[in-house]
Amino acid sequence: ESVQVADVLTPLIEQFKLKADKPVSIISEIPDRMAVTADRTHLYNMLSNLIGNAIKYSGEKPCRIRIKSALSSKEATLSVTDEGIGISEANQKRVFDKFYRVPNGNLHDVKGFGLGLYYVRDMMAKHNGTVTVKSQPGKGSMFTLHFKN
Ligand code: ATP
Ligand code: MG
């Protein structure tokens with residue numbers, strides 16, 4: 001199924017802005033015509049997990065999120081970038097593991113099961129794609145969904 005990404009993203013962003021308990025800025029730079037071949041519900045759930053995490057792990061800082069897309073002959077990508085607490089290199093390898101949560105003393109009020117990114121990785125594999133992370137502790141994180149053409 002070819003899904004127009006903005007169709008999925010626009011209502012999702014509105015919902016997150018409404019339910020967040022601090023001001024969140026979510027800027028989508030996805031062109032209206034940008035489409036990926038994916039299951040619509042799963043695409044919604046994957047983006048929901050990534051945006052939800054970007055908000056949950058923003059720490060004390062203002063929450064600023066950017067969502068971008070890129071298209072090449074090989075793949076289409078969607079990335080969610082935050083300016084939150086970031087993830088150390090050692091933990092970047094583990095955040096996609098089932099039930100893994102980064103041990104973080106001063107964030108123990110942030111609840112979760114450690115399943116969101118496991119779901120995203122599993123679902124991207126079922127779409128014949130991958131998910132990658134780039135992050136710097138204290139600076140922020142970027143999660144990218146890669147859909148092979
Ligand atoms: P769940 O998604 O099941 O409610 P969760 O958010 O803890 O719980 P994941 O979404 O799988 O689980 O993320 C795993 C861990 O990776 C998180 O507990 C957190 O430590 C870290 N993490 C995920 N996204 C980010 C992010 N954007 N910035 C910083 N750390 C992150
Ligand atoms: Mg999560």
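Modeller: Start with one term: a residue is near a molecule if its C-beta atom, placed from the backbone, lies within 6 Å of it. The model is predicted, with local features needing pLDDT of at least 70, side-chain atom pairs counting only at pLDDT 80 or more, and totals for chains, interfaces and linings using all residues. Residues are numbered from 1 along each chain as its sequence is written, while chains are lettered from A and ligands numbered from 1 in the order in which they are written.

Biologist: Which residues come nearest to ligand 1?

Modeller: Asn53, Arg101, Val102, Gly112 and Gly116, out of 22 around ligand 1. Helices (H or I, at least four residues) and strands (E, at least two) are DSSP runs, numbered from the N terminus. The most comes from α2, with 4 residues.

Biologist: What makes Leu50 a contact of Val80?

Modeller: Contact requires C-beta atoms, placed from the backbone, within 7 Å. Leu50 is in contact with Val80, Val120 and Phe143, leaving aside neighbours within four places in sequence.

Biologist: Why are β4 and β5 called paired?

Modeller: Strands pair if DSSP finds at least two bridges between them. β4 and β5 have 7 bridges, so they pair, in the antiparallel sense. A hairpin joins β4 to β5 through 3 residues. Leu71 has Ala76 of β5 as its bridge partner.

How values were computed:
Two residues are in contact if their C-beta atoms, placed from the backbone, lie within 7 Å.
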